[in-house]
Amino acid sequence: MTAPEAKVMAVDEVEGLAVDGLRWLTAAARETPDGNLAWPTRLSDEDVDPMLYSGTAGVVPVLLEAWRHFGDDSYADAALRAARGLADSVDGVDDDSLYFGRTGMALVLRVVHDELGDKAAGTAADRALELVRSRFDGTRWGELFELMGGNAGIGLGALLAGDAELAVLAVEPYLRTAEQTRAGVHWAHRTGTDSRLHHLSHGTLGIALALARIGRDTGHADLVELALAGAADVIARDEAGSEGFLVPHSTPQYRPDVIEPVSYGWCHGPAGDAQVFRQLRDITADPAWSALSDRCWHTVTRSGLPRRLRPGFWDNNGRCCGTAGVLALACDRIAEQRDPYGFAHTLVADLAARAIRDGDGARWSNVEHRATPSDLEPCTGWAMGNAGIVRELLRFVRLSRGGDPRYAFAWPDQPPVHAQADAHSGTAAPPPAPAPLKRA
């Protein structure tokens, strides 16, 4: 089943939607007594949230994206104030992970240091990573043992924040904890469970992506080999056949009372699996990974999304579990393979149709079909809210205008796009250099 034909929105209309989303997002910031900025997950929340997943650290990347896109220094100023608030929060966070804790904060602080020249942000990033290092027990940091909340994400974030030694320290335990399967290896994503998760956010493929990237960048071939073994286990579980790619959420099914057995987004489906295969393509130069990524896309575009075919099928607009995450992959494919824009237009039109727009700007409400009322309060952050959605809309606009397909801030688990092949010569031509982010 293919997605429905969508009205093609004018690029200026899409940009206007992104501007409205930014307006609502920036107005949602809370100003601290010392003039810094921080965001709650939802406007009704009493406390602010520093996390990359759902709070302030995940808002900073879209502020940098907006600054580069529009050339408006007010977005850079907001990013600086947010980074200073993050710096003040480093010591008080009781989690060390990439998406839910200190490593994600360190990565964003490092980017603000590098791109905006804020030395205090760099100092805070160093302090955050030292705290992360001090809390390692020799095998793990806590209950979770995967990309979002465990070792794999800590290793990947540390690598990108400039601490290769910590990155290797974080992922070496996977060498001794891997469980052999008929086709490869896998790991328990958390303590005390018999289920083995398979996909990017909490499963084997997320661990494989981190192992491959860290192994390549630090010269540890054993880590790359382990990554390939993890990917082999997941590939062997494909249920879609030779044209598509669809692997169950987990084996045996984890929390079957609340979790769908299959899904299609970034977190537990082929939209995220394809990002891992893109990473393995870049590391191994094996065209088999490109073919697997194509198979993922085949399944995604024929799944019925972004239509809500039944309660619980496609209830999320966001970057983690919903439409914006699929748009990210659609734009990767447009940039790398000159895919047609058709499905990307479908996704953008759906985001526009589901936006709540009024005098305050634009925001999105996700759905929980098991609750009454089912429409959830709009969120601010990367995972389920405005930051993640607006970031992808801005990139779509830039790509549609022939601009640079790369982001101002490269997300840790989304490989940068390759150069396109020149249509006439067939040779690889580098994409245009990104507009400078550094301020005078």
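Me: What makes the span of helix H5 (residues 119-134) agree with its number of residues?
Reply: The expected span is 1.5 Å times one less than the number of residues, so the 16 residues of H5 should span 22 Å, and its end C-alpha atoms are 23 Å apart, which agrees. Helices here are DSSP runs of H or I with at least four residues, numbered from the N terminus. By the way, this is a predicted model, where local features need pLDDT of at least 70 and side-chain atom pairs count only at pLDDT 80 or more, while totals for chains, interfaces and linings use all residues. Residues are numbered from 1 along each chain as its sequence is written, and side-chain values use heavy atoms, with hydrogens and water left out.

Me: Which residues of H5 are buried, and how do you know that they are on the same side?
Reply: Buried means under 20% relative accessible area, exposed over 50%, and partly exposed in between (1.4 Å probe, protein chains only). The buried ones are Ala121, Gly122, Ala124, Ala125, Ala128, Leu129 and Val132. They cover an arc of only 160 degrees around the axis, so they sit on the same side of H5; the arc is that of the directions from the helix axis to the C-beta atoms. On the other side, Lys119, Thr123 and Ser134 are exposed.

Me: Why is Cys267 called buried?
Reply: Its relative accessibility is 7%, so Cys267 counts as buried.

Me: How many disulfides are there?
Reply: A disulfide is a pair of cysteine sulfur atoms within 2.5 Å, and the count comes to zero. For Cys267, the nearest cysteine sulfur, that of Cys321, is 3.6 Å away.

Methods. Helix = DSSP H or I, 4+ residues; strand = E, 2+ residues; numbered from the N terminus.
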